[in-house]
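Please look over the structure shown here together with the notes that accompany it.

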Amino acid sequence: MNQNTLNKKFRIAVAEDETLIRMDLVEMLTESGYEVVGQGTNGEEAIELANSLNPDLMILDVKMPVLDGISAAEKIIKVCPVLMLTAFSQKELVERARDTGVMAYVVKPFTINDLIPAIEISISRYHQMKTLENEIADLYDRLETRKLLDRAKGILMKALNISEPDAFAWIQKTAMDRRISMKQVAQGVISPSDAPEQ
């Protein structure tokens, strides 16, 4: 696959304390069509870059002064995916990086052909993970709402001596009339003191 045919308008920030390696890396990325939006020389600068620039990917060296790459990655991973670079291929470092949530790992010396697949995989996996997290949160919320609605329907059926469909219709109409969610109506039925104000 031709490098120029890949869709690479990704914004990347780099943190590497060795100037020559950092300059080579930035040049490799730029020549391959990536946009290098920031550079740092230690873990703390890496965190600042991630928070201020919100890049598509952060490339970090493992061994850096002030704060090492893996410790920085723990904070950066909330903002964007992280790709680690290192001259060290020790098992414990790889495991520590993986446990932190680092998406990929490239051992020095590397070429752009080593980096491109790792970059593409890091960004893709990160977005898949975020999508899954959102779906799980949405499913959990829907399940919680359904449980609340069932409890509220039971209370209404007993209190008003009505059928389940009528209890559901009552919740639905109340939600529309008050311009609040059915979940809020159900919470109000279950615990009137917690009901939202009109």
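## Leucine 57

In this predicted model, leucine 57 belongs to strand β3, which covers residues 57-61. Leucine 57 counts as buried because its relative accessibility is 0%, under the 20% cut-off for that class.

Not counting residues up to four places away in sequence, leucine 57 touches Arg11, Ile12, Ala13, Cys80, Pro81, Val82, Leu83, Ile119, Ser122 and Ile123.

## Serine 122

A polar atom of the serine 122 side chain lies 2.7 Å from the backbone oxygen of alanine 118.

When residues up to four places away in sequence are left out, serine 122 touches Leu57, Pro81, Val82, Leu83, Met103 and Ala104.

## Packing of α5 and α7

Helix α5 (residues 112-160) packs with helix α7 (residues 182-190) at an angle of about 45°, and their axes are 8 Å apart; the two helices are therefore oblique to each other, and their crossing is left-handed. On the α5 side the contact is made by Asp141, Thr145, Leu148, Leu149, Arg151, Ala152, Ile155 and Leu156, and on the α7 side by Met182, Lys183, Ala186, Gln187, Val189 and Ile190. By class, this contact of α5 with α7 has 9 nonpolar, 2 polar and 3 charged residues.

Methods: Residues numbered from 1 in each chain as written. Predicted model: local features only at pLDDT ≥ 70, side-chain atom pairs only at ≥ 80, totals over all residues. Heavy atoms only, no water. Helix = DSSP H or I, 4+ residues; strand = E, 2+ residues; numbered from the N terminus. Buried < 20%, exposed > 50% of the residue type's maximum accessible area, 1.4 Å probe, protein only. Contact = heavy atoms within 4.5 Å. Axes fitted to C-alpha atoms, helices over the stretch in contact; angles between N-to-C directions. Parallel < 35°, antiparallel > 145°, perpendicular 65-115°, else oblique. Left-handed = near helix turned anticlockwise from the far one by under 90°. Nonpolar A, V, L, I, M, F, W, Y, C, P; charged D, E, K, R; others polar. Polar contact = N/O pair within 3.5 Å; in protein donor to acceptor, adjacent residues only side chain to side chain.
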